[in-house]
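The stops below are given in the order in which to select them.

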Amino acid sequence: MSDSHADEIDHIVPYEDETEIRGQKEKPRNLIAYWLLGLCNNYAYVIMLSAAHDILSEDFQGNSTKPTPSPIVNNNSRDCNPVSTGAILLADVLPSLAMKLTMPFLLTHVRLRVLIVIALSSASFLLVSFSTAQWQAFLGVVFAAISGGLGEVTFLQYSSKYDKNVVSTWSSGTGGSGLFGALSFAALTTAGLSARKTVLLMLVVPALMAITFFFVLDHAKPRIKARDNSDTEPLMEESQSGVKEHTPAISMRSKCRMLPRMARFIIPLGLVYLFEYFINQGVFELIYFKDIWLDHHSQYRWLQVDYQLGVFLSRSSVNLFRINAIWLLALLQFVNVILLTTEAVFLYIPSIWIVFTIVFWEGLLAGAAYVNTFYRVAHETIPQEKAFAMGITSLAGSVGVSTAGALAVPFHQYLCSLPLINRISKW
């Protein structure tokens with residue numbers, strides 16, 4: 001038989017039903033592969049957000065290969081880039097949102113999708129690294145966004161072919177991409193490597209994705225011969241009469257009818273993303289502690305690392321404990337918005353270590369919302385609907401992030417117009 005059975009998203013069959021899962025466990029190679037795919041898929045996205053403060057600085061817009069210093073400001077103004085990092089966020093998420101809105105409804109070859117993801121991810125690193133104008137860097141960010149969005153919806157839909165535990169390893173891998181991506185960028189630039197060369201080094205990531213999908217992930221599953229003589233997989237076990245039944249792909253009308261039911265997952269997850277990314281791309285760059293061991297660029301980078309550490313730990317936690325109250329996570333994240341937004345305005349927190357603690361907590365909430373939402377989707381949808389449910393839920397994050405970016409830009413402009421407030425105390 002050919003390998004065409006893995007090529008059509010709508011012909012993917014959920015790996016287990018309740019009777020099958022009792023007797024089988026997913027192969028370790030598939031769990032490892034999905035961890036690596038999660039790591040690679042989000043890496044470009046994370047690098048672009050970690051580099052946002054550098055991309056928007058004056059030095060990065062030219063051909064300078066030296067590490068980027070913080071902008072020089074007078075003593076009465078805030079240390080601000082001319083453009084908010086929210087602009088990078090919008091460029092990094094709007095194309096991703098378009099992918100997530102359209103791909104779950106379309107029948108597309110999996111291998112073709114993955115090849116496009118790899119090509120766009122590679123192009124994003126090259127464009128940003130060799131850009132000589134800001135629009136070229138922004139185009140690279142857009143390519144990273146399309147790559148990440150298309151990859152996420154493709155791999156989540158494809159996960160319905162395997163055991164539910166690949167969702168937890170995928171989530172852990174995406175958390176790992178945040179941590180290792182932000183950490184690698186911050187560490188290499190702190191060590192003296194330019195932001196451009198650091199971005200260029202990240203070309204190893206799409207190469208790893210290609211190896212993982214095509215050579216590590218096991219695509220072979222039991223198949224039957226369909227009426228059109230094409231290789232397909234059995235969607236149902238043998239009926240009582242002993243004849244294999246083939247369940248048709250879910251219709252467009254059925255997909256539309258599912259949307260109201262999916263709101264219980266989409267809305268709270270979208271709110272968590274809205275709050276966390278307003279903090280990360282609207283507030284982080286405006287929280288600045290003068291005269292400490294980190295300059296402004298470095299403070300922004302290490303806050304990103306701190307946040308991603310929290311995300312990684314909580315995204316890896318679903319097999320230890322589960323949280324069903326996603327709404328509660330959204331409420332707690334809103335409290336973080338209040339705390340850090342007022343800090344950006346009034347600069348009243350005396351130590352950067354307190355900010356690091358709040359940001360770490362923010363990351364824990366963010367990761368917990370993501371992994372528990374998708375784990376619930378995997379468990380609470382019927383097998384025929386699972387691929388679409390996974391794909392459509394993934395757009396919640398992009399909607400929330402897009403809204404956050406749209407709010408961050410005017411907030412940045414307003415706050416940067418305010419006079420600088422000196423902290424009463426620092427420690």
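This is a predicted model. Begin past helix α17, which covers residues 395-416, and select I421 in the segment that follows that helix. Is I421 buried or exposed, or something in between? I421 has a relative accessible area of 33%, and because buried means under 20% and exposed over 50%, that value makes I421 partly exposed.

Next, select residues 296-315, which form helix α13. The helix has 20 residues, and the distance from its first C-alpha to its last is 29 Å, close to the 28 Å expected at 1.5 Å a residue. How many of the 20 residues in α13 are buried? The count is 17, so the helix is mostly covered, buried being under 20% relative accessible area.

Move along α13 to G310. With 0% relative accessibility, G310 counts as buried. What is G310 in contact with, leaving aside neighbours within four places in sequence? Show F360, G363 and L364, which are its contacts on those terms.

For the last stop, select G178 together with G310. These two residues are 132 residues apart along the chain, and 9.6 Å separates their C-alpha atoms.

Conventions: Residues numbered from 1 in each chain as written. Predicted model: local features only at pLDDT ≥ 70, side-chain atom pairs only at ≥ 80, totals over all residues. Heavy atoms only, no water. Helix = DSSP H or I, 4+ residues; strand = E, 2+ residues; numbered from the N terminus. Expected span 1.5 Å × (residues − 1). Buried < 20%, exposed > 50% of the residue type's maximum accessible area, 1.4 Å probe, protein only. Contact = heavy atoms within 4.5 Å.
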